[in-house]
Structures are given as C-alpha cells and as structure tokens.
Amino acid sequence: MSDTYYDIGPILKIPARYRMMFGERSNGKTYAVLEHHMKQYIKDGGELAIIRRYDEDFVGAQSARNIFDSLICNGEGKNVIQELTDGSYTGVQYYGGIYYLTYLDEKGKVVRSEEIIARAFSLSNGEHYKGSSYPNVKRILFDEFIATKIYLADEFTLFMNVLSTIIRQRNDVDIFMCGNTINRYNPYFTEMGLYKAKNMKQGDLDVYEYGESGLIVAVQFTDTPAKKKKSDVYFAFNNPKLKMITSGDWQLDIYPHCPKKYVPKDIIFVFMIIFDDEMLQAEIVQADDDIFIFIHRKTTDLKKPDEDLIYSQEYDVRLNHRRNILKPVYDVEKKIALLFRLDKVYYQDNEVGDLVANYLAWCRQN
C-alpha cells in the first residue's frame, strides 16, 4: 500500500481475537482488511463474514454488496483480485447474500465461480442465521460499527449473538471492526471495556487483555496518512464537522455555549446526567428575566447521591434516580423537559454538547 492509506501491518502483529480500527473516512481501513482476507483466502480458502447493522446496508448499487469494488480497481488503478489469483479471476459478484469470484469467458460474459469468498450478515436479522452453520468462515469484518447517533436496541448483544452463530465451538476466527470517527460515543467501547478508546490520539495502538481468559483485543486510532488524499481539497472549509473527513478528528457538532454570566444565587436547581461513564452537572439558571439550563462537566464526587436528581442509563430503586429525561414525572422534571424542547440549554463546550446529544438519542430510542 502507498503512504496515502492505512497500514494494517502493525495491528496484525498482535495475536488478538478482535482488531478494532477507527479513524478518518476513506483512509483505507476496510480496504486493508479485505486485501488481508484475500491474501489469506489464497492460502487457506477461508471465507469472510461481512457484518453490517441492517439488511438495507446490502441493498443498492452503492451498498456493501459492492464492498470488493475497491480491490477490483484500487486507488492506484490496480485490480488486486486479478493479481492475487494470478489472473484466474477479475471480479466479485454478490448474489443471495454471498460473494463469489468472477471472470470473463471468451464471449465477454461474466462467469460466477463456485468459489465463495464472503457472506453477508446483518445485526437486525440475526435470528435468521441461527439454524445455519458456517464452518468455512475464518475471518469476520464488522464494517461501519460506529453509527452517527442511533444504534439498535441492545446492539452489542445482537453482535455477540451473530458472532456466536458464525463461530460456534471454534477458536480459529479473526474478528475485525472498522469505523469512522463520526461519534465518540458508541456502545462497543463501553461493553468491551475499552476504557481508553474515546480518548486515544491518532496513531495510538492499545491492547486489552481479559484476565486468564486468553482474550486479547487490539484497538487502533488510525493515523492520518503522511500523504494527504487528493480529495481533501474539496473539504477545506472552516467547519469542524469536516475534520473527520480530512484529518480523522472525532466529528463534533457546534453547540450553544453559556449565553450570559451568572452567580451562584442565580442557580435555582441542580441535577446530574451520567452517561458513557461521564458525569455532567446541569444547572437551571434564572438571571434577570431569563431562564435556561447550563451543563458542564462535574469534576467532584456526588455529595448527595440519595437526594440529587440524577439521570443515567442504570436502573436504581431510589426515587431521585431517573433514566429518561424525556419522560418526566415530577413537576421539576417537566420544567427540565420543557427547557430542552424550547432549546434553552447551553453547554460548557462542544464535547459536553455531543455527550448530551447522544444521551438524548438514547432517551428517544428507549
């Protein structure tokens, strides 16, 4: 590969069961996994399971059904499929959830071989696969595992169920997870115990080991390539949302910051939001004739966990602990929800705003 694209070599050296790679869009993460799979396929004939979130992700000309197109004509104009198969095959065709190698016969007709190189799976349709067996799958790619905002309900468990269906009783399957830096919050960091992932710097490669289980997870925040992509010129606007495309920074929206100065006596109520292992303090402020909510990071421990109104995803029998801020019960909760609906909420910075936005997305889904 050229220095324009991601180099999968370092993470492959780690004897991990899971290899997670996230970074800027179109820097070659998925390409690198597909190329690695094809090289291994030539050696062992093992199939690749390609996982996406929805069945619809495999529908249409621009969908994951054509995921191998990048190998048929890569950034350097080469047909990697043809090179790796010594000219025996020149393309890949998707049919009925299966990817086949193809070649052109003497009449120029596309001929699909019996060679299966990959199979399609969707998390939303996981129940459909349970009665089947996939002993030839040696590698798994969960592509686009980071969503913009909305995840399936209990998505991590759905992912584990699909993996269980594919792997069965074996221990010879490599799992790859590729994602773009479109949302710092995602359930996989939390559920897999990847406590450093959302604060990683570009180029970092961390390894997690889980006691004596033998499980190893390698996580890499892919570095920005030394040679910039030619397409970057189209995204050079001074807009922080575009940095994910050009430099791999986490995508952040722009949120309103505190509209005016206030003093402690202007704070009429305080509540907490705990989400993604982070705690935020929200203050209802009434200054002059204005009333609004200001949310900032809480850097000290809770002083009154049995009395303060606390919103979190966790279930708690204490009446002051609530889960969904959009389902108010008490009068003060109704006032809080009203201020959110009226857009009278302000944030310490864009990262705090993004965290609250993901919490609200979770609330809407639940």
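The following legends describe several close-up views of one predicted protein model.

The model is predicted, local features require pLDDT of at least 70, side-chain atom pairs count only at pLDDT 80 or more, and totals for chains, interfaces and linings use all residues. Residues are numbered from 1 along each chain as its sequence is written, and side-chain values use heavy atoms, with hydrogens and water left out.

**Figure 1. The whole protein and the confidence of its prediction.**
The protein contains nine helices and 15 strands; helices (H or I, at least four residues) and strands (E, at least two) are DSSP runs, numbered from the N terminus. Its C-alpha trace spans about 85 × 50 × 40 Å along the principal axes. Of the 366 residues, 48% are buried; buried means under 20% relative accessible area, exposed means over 50%, and partly exposed lies in between (1.4 Å probe, protein chains only). The predictor's confidence in each residue is given by pLDDT, on a scale from 0 to 100. The mean pLDDT of the protein is 90, and 92% of its residues reach 70 or more. Among the elements, strand 2 (residues 47-52) has the highest mean pLDDT (98), whereas helix 7 (residues 243-246) has the lowest (51). Where pLDDT is low, the predicted coordinates should not be read in detail.

**Figure 2. The two sides of helix 8.**
Helix 8 covers residues 331-341, and Glu333, Ile336, Ala337, Leu339 and Phe340 are buried in this helix. These residues lie on the same side of helix 8 because they cover an arc of only 160° around the axis, the arc being that of the directions from the helix axis to the C-beta atoms. An α-helix has 3.6 residues a turn, so residues three or four places apart point the same way. The face turned away from the buried side carries the exposed residues Asp331, Lys335 and Arg341. Just after helix 8, Asp343 takes a positive phi of about 60°.

Rings of Phe, Tyr and Trp (its six-membered ring) pair if their centres lie within 6.5 Å; planes under 30 degrees apart count as stacked, over 60 as edge-to-face and the rest as tilted. By this rule the protein has 24 aromatic pairs. One of them joins Phe156 and Tyr188 in an edge-to-face arrangement, with 6.0 Å from centre to centre and 65° between the planes. Phe156 belongs to helix 5 (residues 155-167) and Tyr188 to helix 6 (residues 187-191), so that the pair links distant parts of the chain, 32 residues apart. Phe156 counts as buried at 14% relative accessibility, and Tyr188 is buried with a relative accessible area of 0%. Both residues belong to one aromatic cluster formed by Phe142, Phe145, Phe156, Phe159 and Tyr188. Phe145, in the loop between strand 6 and helix 5, is buried with a relative accessible area of 0%.

**Figure 3. An aromatic pair between strand 10 and strand 13.**
The ring centres of Phe271 and Tyr311 are 5.8 Å apart and the ring planes stand at 85°, so this pair is edge-to-face. Because Phe271 lies in strand 10 (residues 267-275) and Tyr311 in strand 13 (residues 309-312), the pair ties together parts that are 40 residues apart in sequence. Phe271 is buried, with a relative accessible area of 0%. Tyr311 is likewise buried, at 0%.

**Figure 4. Two loop residues with positive phi.**
Asp154 is a residue other than glycine, yet its phi is positive, near 55°. Asp154 lies in the loop between strand 6 (137-143) and helix 5, and counts as exposed at 51% relative accessibility. Asp288, which is not a glycine either, has a positive phi of about 60°. Asp288 is found in the loop between strand 11 (278-287) and strand 12 (290-297), and counts as exposed at 66% relative accessibility.

**Figure 5. The cavity and its lining.**
On a 1 Å grid over the protein atoms alone, a cavity is a set of points where a 1.4 Å probe fits but cannot get out, and lining residues have an atom within 4 Å of a point. The structure holds one cavity of 30 Å³ or more. The largest cavity has a volume of about 40 Å³, a volume being the space filled by probe spheres set on the points. Thr148, Lys149, Ile182, Asn183, Gln251, Asp253 and Asp354 line the largest cavity.

Notes. 1 Å grid on protein atoms, 1.4 Å probe; cavity = no way out; pocket = protein on both sides within 12 Å on 5 of 7 lines; lining within 4 Å.
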